[in-house]
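This briefing concerns the packing and strand pairing of one protein structure. Please consult the sequence and the model shown here.

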Amino acid sequence: MHRYLVALQLALCFLPLVFSYTWSFTTTPQQCATLSIQISGSGSPPYNILVIPYGPTPLPNNTEVRTIVYQQFDGSSTTTSFQLKYPSTSQFVAVVSDSTGFGSGGTSVAASVMSSSDSSCFNPNVTVMPDFPFNIYPTNQVVQCNASRLWWDPTQVEGTPSFQGVIPGGQSFSIPEGQITQVSNEGTGFSWIPSVREGSTLIIVAGDDRGLGTGGSGLYTVSQGIYPNSSCLTTTSPSSTIGSPAGGTYPTNASGAETTGNTSSSSKTNVGAIVGGVIGGLAALVILALAGFYFIRRKTATKVTKERPVDLLQGDPEDDRDPSSNDLGNYYRPEPFLATEPTETSSMYGREEGRAGTVTSGSRYGTSNRRQSALESFSDMRSATSDYEMGITGGTTIPNSSRKSPMPRLLRPVNVIQHDDGGAADEQAEGQPDTVELPPAYTNIRKPNTN
């Protein structure tokens, strides 16, 4: 935004230097009526005005009755008048020049012709033609900084042709002629690199020794092209002029809506509008920036809250209570393993020693139903141990050849004996011998029969 403000200030400072004089319509453009122009300021006479048809013709059957008007001022006169032979609702663009160069007085925007009761100045059934036509290649297009060829039929031209570029409401200029060459199927012409910014509306006007506009005009929109190129552009490249267009006040559409030209009173109005627009734009940018900052900060705060790690030991700092450093919580308190109280019931499990796989087991204390279930579960898990390695299944020797049999494996039973702590020793009465308990000697375990 600062860059645009600087450009605006520079344009407003140098505008009086570019246009040392101004001009305006002193009458409203009307069909077949007299159109008057007045020069103000210190220009360099003689002056001239070029009026160029703009846009399509409003007449039926696309009949074009408008011609380019090239009107010269008398001597050092600052006023001139001529009959405008344009139909109502049609449009035109006017360019005023002095002896310093083409377009030195500025270019109007598209002005509209208002209706009148007089229609005798043109024939609505006859299309007018220029004295000589000109062509452009590539056909019907102008590309920024890409060479275009302007060519014509030399048999139809008087003297040396000239070409002008007109930008409505902007800068107008003379197109420099390069080396004139002959090209097959393209006649006589020269190459021109348009140093006009893309997007600009450009009118190319052709003339010869008979005057400006005798070769007609063509309306183009400068394009960027497939391969954008801006190497030919400079700070002085033709473009739309910042500020009010030339011509004063005149209608710009069929309803009579007027544009404000470069008069002293209207310049103040336009400057105020520009300043107001700049202030409004800055205010809108500030509001958008604050709104964006608010939403970004809110989103960031929400994200940080969601991604905050949870301290399982200390708890959430937002909790109501403040946990002490020694309070580890219920899930972190160690719990002792509580064994089931032994009973005085004893049990013996065993069979005769002559049966294979017999193990005698016993315990001083029996177990409760709960512990017995646990032992049985553990015994079931141990029962998954295969006895093929020992060659014993229920006391029967299994030959090696039987291992290839697809019969399922037979599992052997296993007894688990748990020795419990005897607890604290009972106080013995005086005179009675002490009881000493010894662990089992495990001498009665029978070795497996390997036969």
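Predicted model: local features only at pLDDT ≥ 70, side-chain atom pairs only at ≥ 80, totals over all residues.

Residues are numbered from 1 along each chain as its sequence is written, and side-chain values use heavy atoms, with hydrogens and water left out.

**Nonpolar cores**
- A nonpolar core is a set of buried Ala, Val, Leu, Ile, Met, Phe, Trp, Tyr and Cys residues joined through side-chain atoms within 4.5 Å; buried means under 20% relative accessible area (1.4 Å probe, protein chains only).
- The largest core has 21 residues, of which Trp23, Phe25, Ile37, Ile49, Val51, Phe82 and Phe92 touch the most other members.
- Two or more residues of this core come from each of strand 1 (21-25), strand 2 (34-41), strand 3 (48-54) and strand 6 (91-97); strands are DSSP runs (E, at least two residues), numbered from the N terminus.
- A separate core of 19 residues includes Ile175, Phe190, Leu202 and Ala206.

- Four strands form an open antiparallel sheet in the order 8-9-13-12; two strands pair if DSSP finds at least two bridges between them.
- Strand 8 (134-137) and strand 12 (181-183) are the edges, each with a single partner strand, so one side of each has no neighbour in the sheet.
- Strand 9 (148-152) pairs with strand 13 (187-192) over 5 bridges.

**Valine 95**
- Valine 95 lies in strand 6 and is buried, with a relative accessible area of 0%.
- Its C-alpha atom is 5.1 Å from that of leucine 50, 45 residues apart along the chain.

Key. Buried < 20%, exposed > 50% of the residue type's maximum accessible area, 1.4 Å probe, protein only.
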